[in-house]
Amino acid sequence: MSFHASAKREEEAKADAVAVEESKGGLFGTGLSEWFALPIGVAAAVPLIKLEWYVVNEETQLLAVFLAFCVTFYTQGGDAVYKALDQKAVDLLKEHNAVEDKVIKALEAKLEGLKASHNMVNDFEAINQVRKETYEKLNKAGAIKPQHDFKAQVEKMVNMIAQEEANVTEKTKMALMTEATASVTEKFTSDKALKKAALDAAIAKLKGGKAEDPVLSAFVQFFKDKGAAAAASKDDSEEKAQRAALVAKMNGVCKSEGFMFEFDASGKPKMNV
């Protein structure tokens, strides 16, 4: 049975009602028919009126009319009034009980929620512990990450320098070969003796003989002379220009990618504060 703050319901009250002792009914509870009251009343009324023990006046008549009205209303319309009032009371009780049922269900749901959140403190403690461990790991990773970033940046600069040196070397080779070809071609074009020597060497090779190749010797001599001239020369403007271009290119990469260092005019790295 559900708990209610209001009075017991009708069906619950019936179970607890005390059985009323059965009456015999009839006239004054004697079991005789009520119709016996009519002759008894007439027999008693005649001497009472005759002897003026009971005077019938206008007040008595008015009382009789009022009693007749009350009896008629009670017997004819009393049941209808009772049922109307009783039905209204029953409806009010049902509405009240329905509201109480909703309140009880809401309280029961709240109780279940409180029971479910009984371990909420332990759950939050576990979450805080996981958060603490995560922050510690992130701090360790944050201390190591700059080192990895710095290493990657240095490796990128080294690879960039190596690539630039390879490009400069290749360009220098191409320039020397072009200059050597032009120089040797000019020599053999202007010197008839060199032409004849080159022709004789070609004929000898065709015949299977051995002969010194004047063209190869001319190229070798050109490169020897070029190397000696470069060693004796003190003009390093070309090297400085190449270094300045390389440093400018590397600094551009450092600034665009947010590196931790840059290069000064001499090519030495310096850390950014």
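Which residues in H4 meet which residues in H6? On the H4 side they are Leu-176, Met-177, Glu-179, Ala-180, Thr-181, Ser-183, Val-184 and Phe-188, and on the H6 side Pro-214, Val-215, Ala-218, Phe-219, Phe-222, Phe-223 and Lys-226, where contact means heavy atoms within 4.5 Å.

This is a predicted model, in which local features need pLDDT of at least 70 and side-chain atom pairs count only at pLDDT 80 or more, while totals for chains, interfaces and linings use all residues. Residues are numbered from 1 along each chain as its sequence is written, and side-chain values use heavy atoms, with hydrogens and water left out.

Helices are DSSP runs (H or I, at least four residues), numbered from the N terminus. The table lists how H4 (residues 120–190) is placed against two other helices, with axes fitted as lines to C-alpha atoms over the stretch in contact and angles running from 0 to 180 degrees between N-to-C directions.

| Pair | Axes come within | Crossing angle |
|---|---|---|
| H4 and H6 (residues 214–232) | 10 Å | roughly 125° |
| H4 and H7 (residues 237–257) | 11 Å | roughly 145° |

H4 and H6 are therefore oblique to each other, given that angles under 35 degrees count as roughly parallel, over 145 as roughly antiparallel, 65 to 115 as roughly perpendicular and the rest as oblique. H4 passes H6 in a right-handed crossing, and the crossing of H4 and H7 is right-handed, a term for a near helix turned clockwise from the far one by less than a right angle. Towards H7, the residues of H4 that make contact include Met-157, Met-160 and Ile-161, and their partners in H7 include Leu-246, Met-250 and Val-253.

H4 also packs against H5 (residues 192–206), at an angle of about 100° and with the axes 5 Å apart. That makes H4 roughly perpendicular to H5. Lys-187, Phe-188, Thr-189 and Ser-190 of H4 meet Lys-192, Leu-194, Lys-195 and Ala-198 of H5.

A search of the whole structure finds 4 salt bridges, each being a side-chain nitrogen of Lys or Arg within 4 Å of a carboxyl oxygen of Asp or Glu. One of them joins the side chains of Asp-79 and Lys-83 at 3.2 Å, N to O. Both residues lie in helix H3, 4 residues apart, which is about one turn of the helix. Helix H3 (residues 58–116) is also the place of Phe-66.

Methods:
Helix = DSSP H or I, 4+ residues; strand = E, 2+ residues; numbered from the N terminus.
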